[in-house]
Amino acid sequence: MKERRIKTLVPRLVGKGAEAELYLAEYDGERAVCKRRVGKKYRIPELDSLIREERTKREARILVAVKETGVNCPKLMGINLYGKEIFMSFVPGVLLREKLDLIKGKKLEKILLKMGGDLARIHSRGVVHGDSTTSNMMLDEKAFELTWIDFGLSEFSSSIEEQATDLLLLKKSVSPQQFVFVKKGYSQNNPIAKNIFARLDEIEKRGRYVVRSMAR
């Protein structure tokens, strides 16, 4: 078996979420990112270890599944279950959230169509992202390529409700005018898009009803 050469490049964090910490790393001589799930002191240690291990394995499987669809996402390079770590390819660029409103014309239309089409392909593979916002997409400004990141909340699911919720999260992260192109891109790449958009409408109506009821 080939020995894997792994080293952390910097001791400081380059990213931190509710569940995990991100470090720059080198994996087999390639630039990489190490995602390490940290323990929770409020959980029983044995249960905490099991939860983090299962979530690490699930995210690794999802990365492979999404990559198979042709959607740009980090490439799984390795997994360390003892350390609850995933090693992924480094993704260059900036968060799409920071640049989307600065993109104009045909370039904007292209990126929005791609966004919708990518999510449709992810859903068609039986995966829901769970946090499908422009904060979890990277834009390589030089190549003008979109890459989806952070699959920590993702699940294997073909539930129309969960897929519609994914779409709702994405809809809330763009303007109504921008979502027109996202919807077009999604519809072109998912044969059951009509069913999912119908459920999206239902979810939005439920939300409005709850808001009105609370205001009474």
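Arg-43 is buried, with a relative accessible area of 15%, where buried means under 20%, exposed over 50% and partly exposed in between (1.4 Å probe, protein chains only). The model is predicted, so local features need pLDDT of at least 70 and side-chain atom pairs count only at pLDDT 80 or more, while totals for chains, interfaces and linings use all residues. Residues are numbered from 1 along each chain as its sequence is written, and side-chain values use heavy atoms, with hydrogens and water left out.

Arg-43 forms a salt bridge with Asp-48, with 2.9 Å between the closest N and O atoms; the term stands for a side-chain nitrogen of Lys or Arg within 4 Å of a carboxyl oxygen of Asp or Glu. Asp-48 also counts as buried, at 5% relative accessibility. Elsewhere, salt bridges with shared partners join Glu-19, Lys-35, Arg-37, Arg-55, Glu-59 and Asp-150 into one network. The structure holds 21 salt bridges.

In the pair of Arg-37 and Glu-19, the closest N and O atoms are 3.4 Å apart. This pair links distant parts of the chain, 18 residues apart: Arg-37 belongs to strand β4, and Glu-19 to the loop between β2 (15-16) and β3 (20-27). Helices (H or I, at least four residues) and strands (E, at least two) are DSSP runs, numbered from the N terminus. Arg-37 is buried at 3% relative accessible area, whereas Glu-19 is partly exposed at 22%. The salt bridge between Glu-59 and Lys-35 has its closest N and O atoms 2.9 Å apart. Here helix α1, which holds Glu-59, is linked to strand β4, which holds Lys-35, across 24 residues. Glu-59 counts as buried at 2% relative accessibility, and Lys-35 counts as buried at 8%.

Turning to the sheet, 3 strands form an open arrangement in the order β7-β9-β10, with antiparallel pairing; two strands pair if DSSP finds at least two bridges between them. β7 (94-95) and β10 (145-148) stand at the edges with a single partner strand each, so one side of each has no neighbour in the sheet. Strand β9 (residues 137-140) pairs with β10 in the antiparallel sense over 4 bridges, and Leu-139 stands opposite Leu-146 in β10. Helix α3 (residues 105-124) packs on the sheet and touches β9 and β10, its direction making about 35° with that of β10. Contact means heavy atoms within 4.5 Å; axes are lines fitted to C-alpha atoms, for helices over the stretch in contact, and angles run from 0 to 180 degrees between N-to-C directions.
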